[in-house]
Amino acid sequence: SAMVICQAVADVSITTVENDPVHAIIATNILAFAGVSQKVKVLIGHSLSLLPRLAANMNERFGGVFTDTRGSRYDQELMMLIQHGLLEPKAVIVADNVLKPGTPLYL
């Protein structure tokens, strides 16, 4: 997803979180192969652990968030993004897989 967004939006900076280190290495290599690695920072860890650390170390906020995690965690991630002030006032939030397994709180 990060690769497609980078290719579609000229002036974009993406921070992506990957819980599995092997998947992070694969993603990093695919981004390099696609020529967009300079636009993407790949972080390794669980989003619920990394979001508070991002808030403590970032002077920026996200104008858009694409989340593709287990649906039952979307509401927790969204609340953390809001609580830690990581979202721009009119940030766009897009979530994949909200219907299966389902996340009624997010919808």
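Angles under 35 degrees count as roughly parallel, over 145 as roughly antiparallel, 65 to 115 as roughly perpendicular, and the rest as oblique. Keep that in mind for helix 3 and helix 4: their axes come within 10 Å and cross at roughly 5°, so the two helices are roughly parallel to each other. Axes here are lines fitted to C-alpha atoms, for helices over the stretch in contact, with angles running from 0 to 180 degrees between N-to-C directions. Ser47, Leu48, Leu51 and Pro52 of helix 3 make the contact with Gln76, Glu77, Met80 and Leu81 of helix 4, where contact means heavy atoms within 4.5 Å.

A word on what you're looking at: this is a predicted model, where local features need pLDDT of at least 70, side-chain atom pairs count only at pLDDT 80 or more, and totals for chains, interfaces and linings use all residues. Residues are numbered from 1 along each chain as its sequence is written, and side-chain values use heavy atoms, leaving out hydrogens and water.

Now step back to the whole chain. The protein has 5 helices and 4 strands, counted as DSSP runs (helices are H or I, at least four residues; strands are E, at least two) and numbered from the N terminus. Along the sequence they follow the pattern α-β-α-β-α-β-α-β-α. Of the 107 residues, 26% count as buried, meaning under 20% relative accessible area, with exposed over 50% and partly exposed in between (1.4 Å probe, protein chains only). Take the contacts between residues at least 6 apart in sequence: 72% of them join residues at least 24 apart.
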